[in-house]
Amino acid sequence: MVMRVYATEADFNAVSEEAWGGDASVLLKRLRAASVEVEKLTRRSRYATDDDGFPTDADIADAFTEATCAIAEYWTITDDPTGAEANAGAVKIGSVSLGTTSSNNDNLTERQKLERRIGTTAIDILTNVGLIQAAVTHT
C-alpha cells in the first residue's frame, strides 16, 4: 500500500499564514504525518475515491489538502510534530512546576487530547464538509 500525501509544499504555502522557510524534506515529513492524521480522522467517512484511494470529489479533495496543511502548520507553530510535548503534562522539580498543573491528560476529553496534538483547524475543515463522525466532534 502506498502512503497517500494530500498536500505539497506549494499547497502549504498557499493556505498557511506564513510560507515554509525551512528544509523541504522536513515539511514533506510533516505533510506525510499530517496526511496520516487526516486519514485517521476520516477513516469511517464515506466518499468516492480513485484507484489510489484519493478523494475524487473536488470539495472533499480540497478539504483533505487544507486539513493536512493545517495540521502541518500547527506542528510548525508548536514545534511538536510528534505530539510528545502535548501529551507530556507538567514537569516538577522540587517545588517548581513547569507546564500544566496536572501531571497527565486523564481529565481531558478525547477531543481535547486530539486538539492538543493536531490543533482545531483541521477538525473544523473536515467537520464542515461532513467527513468527521459526530463522536469526534463532541467535546
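Trainee: With which residue does Arg4 form a salt bridge, and how far apart are the closest N and O atoms?

Mentor: Side chains of opposite charge can pair when their charged atoms come close. In this predicted model, Arg4 pairs with Glu39, the closest N and O atoms being 2.8 Å apart.

Trainee: Is Arg4 buried or exposed?

Mentor: Buried means under 20% relative accessible area. Arg4 has 18% relative accessibility and therefore counts as buried.

Trainee: Which residues are linked with Glu37 in a network of salt bridges?

Mentor: The network links Glu37, Lys40 and Arg117. Between Glu37 and Lys40 the closest N and O atoms are 3.4 Å apart; both residues lie in helix H2, about one turn of the helix from each other. For Glu37 and Arg117 the corresponding distance is 2.7 Å. Arg117 lies in helix H4 and Glu37 in helix H2, so this pair ties together parts that are 80 residues apart in sequence. Glu37 is buried at 9% relative accessibility, whereas Lys40 is partly exposed at 38%.

Trainee: Where does Thr42 lie, and what does its side chain approach?

Mentor: Thr42 is in the loop between helix H2 (24-41) and helix H3 (58-78). A polar atom of the Thr42 side chain lies 2.8 Å from the backbone oxygen of Val38. At 2% relative accessibility, Thr42 counts as buried. Beyond its neighbours within four places in sequence, Thr42 is in contact with Tyr47, Phe64, Leu126 and Leu131.

Terms used
Residues are numbered from 1 along each chain as its sequence is written. This is a predicted model: local features need pLDDT of at least 70, side-chain atom pairs count only at pLDDT 80 or more; totals for chains, interfaces and linings use all residues. Side-chain values use heavy atoms; hydrogens and water are left out. Helices (H or I, at least four residues) and strands (E, at least two) are DSSP runs, numbered from the N terminus. Buried means under 20% relative accessible area, exposed over 50%, partly exposed in between (1.4 Å probe, protein chains only). A polar contact is a pair of N or O atoms within 3.5 Å; within protein, one must be able to donate a hydrogen and the other to accept it, and residues adjacent in sequence count only if both atoms are side-chain atoms. Contact means heavy atoms within 4.5 Å. A salt bridge is a side-chain nitrogen of Lys or Arg within 4 Å of a carboxyl oxygen of Asp or Glu.
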